[in-house]
Number of protein chains: 2
Amino acid sequence: MSNLDWLKQFPALATMPEGERAPLAGGAMAMNAPAGTTVYAPGEPCNAFILVIDGAVRVYQLDADGNEIVLYRLGPGSICILTTLALLASDAYSAFAVTETPVHAMALPAATFNDLMARSAQFRSFVFGAQAARMADLMAVIQNVAFASIESRLAARLLTLAGGGGELSITHQQLAAEIGSAREVVSRQLKAFERRGWVSLGRGRVELRNAAPLRAAAGH
Amino acid sequence: MSNLDWLKQFPALATMPEGERAPLAGGAMAMNAPAGTTVYAPGEPCNAFILVIDGAVRVYQLDADGNEIVLYRLGPGSICILTTLALLASDAYSAFAVTETPVHAMALPAATFNDLMARSAQFRSFVFGAQAARMADLMAVIQNVAFASIESRLAARLLTLAGGGGELSITHQQLAAEIGSAREVVSRQLKAFERRGWVSLGRGRVELRNAAPLRAAAGH
DNA sequence: AAGCGGTCTGTGACGAAGTCACCGCCGAAT
DNA sequence: ATTCGGCGGTGACTTCGTCACAGACCGCTT
């Protein structure tokens, strides 16, 4: 039987009545994956519902020409909608999900997942909440790529990636993939930021020197 | 009691066991809305699950500067994910859903919807299938706005909007909103199509004259 | 220490797309 | 018939993506 201590981290699930948690206790399997593990890829069969306990998963799209754009990230407490929907609706997506850090997760086999969905209103609302959040993420991405300037998209992304810290280990190419643009465009924009004293640059490194104007630029 | 004849149109629901259909029979309410009715708008409270029986609903995003982009359309048999998720997760979206034609729909109050979700695996999988389809729609939009040329996006959209017929009643401004571009850009591209003999243009009208090259242009 | 291959970054030139300002035109309402 | 608001056309300019290429940096080998 699995240890369900990790459940305590997730209020939405932890308060589920004893009886409803039974399938969880019986069917949950712990997973540990190193950074760089593929969680979902188009065409791959997928047969489990996945809940991230610790670590980060990057979900992105990749087209035939090699163009890449990051859709969203999953952190602790998030479930992988892609695998869930592929599991339930057997629909194929053109997206990839890859771990960025070592990831600790719980996997529920399809049968266990279905059982929980049938039993627990709380679990259903947890799953729907996740759906809603991902949907909102995608809609935000659409707004950005369709109507926002490169300057604001890049500034915003630098801030969220830095997340408080001031140092990023990332290449221009990766940043371009983050915002769905081209490497040259990102290089030039970063240079502009550097000239203004907002960041300082190194090979594979971006240091935020002055977050305030970046925040302002991210706004519009 | 509502007439459930409409259910026959939807195999996914029609084959639900008698008992599971009970809440549906008891709680479903028929709705008829003229074209132009707002189904979902940010900030509006929404308290019903909506299933389209006949007609079309356009779901689009609108930002502060008036920029507009169509996300997807709902036809017969589709459910409005936006209202469903807003209902379940009380999350606010920046999107609008508006009827384009007179729409005939069924509405389930939240309680009835929750009851069905609890009882029927078939209903759950119907709802999840719809989620998955909308998610795929959004991801396709992202691919297009991020990486596809205006020529291919416009050609593709003209073909799907025409849907077999050769005549469209639509303005350049509306077409721009369809693909998330600017009116001038669409005007110029349409002129180019006209010079090549692919379409002929009139005020508020686009006639497809030669679909084959349009299909080719839509491809890449 | 020197060389080497691969990755990362910088740059100029160009084309595609978005923006701005302004125009004339059509058509419905008065 | 005139007016007025929505529609479409156009030129000038800016921003962004693409292409081609050069140089810099890094880790590795010799």
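Reader: What volume does the largest pocket have?

Author: Rolling a probe the size of a water molecule over the atoms shows where empty space is left. On a 1 Å grid over the protein atoms alone, a pocket is an open set of points where a 1.4 Å probe fits, with protein on both sides within 12 Å along at least five of seven lines. Points are joined across faces, edges and corners, and the volume is the space filled by probe spheres set on them. Here the largest pocket has a volume of about 610 Å³. The model is predicted: local features need pLDDT of at least 70, side-chain atom pairs count only at pLDDT 80 or more, and totals for chains, interfaces and linings use all residues. Residues are numbered from 1 along each chain as written, chains are lettered from A and ligands numbered from 1 in the order written, and side-chain values use heavy atoms, without hydrogens and water.

Reader: Which residues lie nearest the centre of the largest pocket, and which element gives the most to its lining?

Author: Lining residues have an atom within 4 Å of a point. There are 28 of them, and Ala140(A), Val141(A), Asn144(A), Ala156(A) and Arg157(A) lie nearest the centre. Helices (H or I, at least four residues) and strands (E, at least two) are DSSP runs numbered from the N terminus. H5(A) gives the most to this lining, seven residues.

Reader: How is the second largest pocket lined?

Author: This pocket holds about 450 Å³ of space. Its lining has 23 residues, with Asn144(B), Arg153(B), Ala156(B), Arg157(B) and Thr160(B) nearest the centre. The largest share, six residues, comes from H6(B). Domain bounds come from an automatic or database assignment; domain 1 (5–138) and domain 2 (148–219) of chain B each supply at least three lining residues.

Reader: Which residues are closest to DNA strand C?

Author: A residue is near a strand if one of its heavy atoms lies within 4 Å of it. DNA strand C is surrounded by 17 residues, the closest being Arg203(A), Gly204(A), Ile150(B), Ser181(B) and Arg188(B). H8(A) gives the most to this surface, with five residues.
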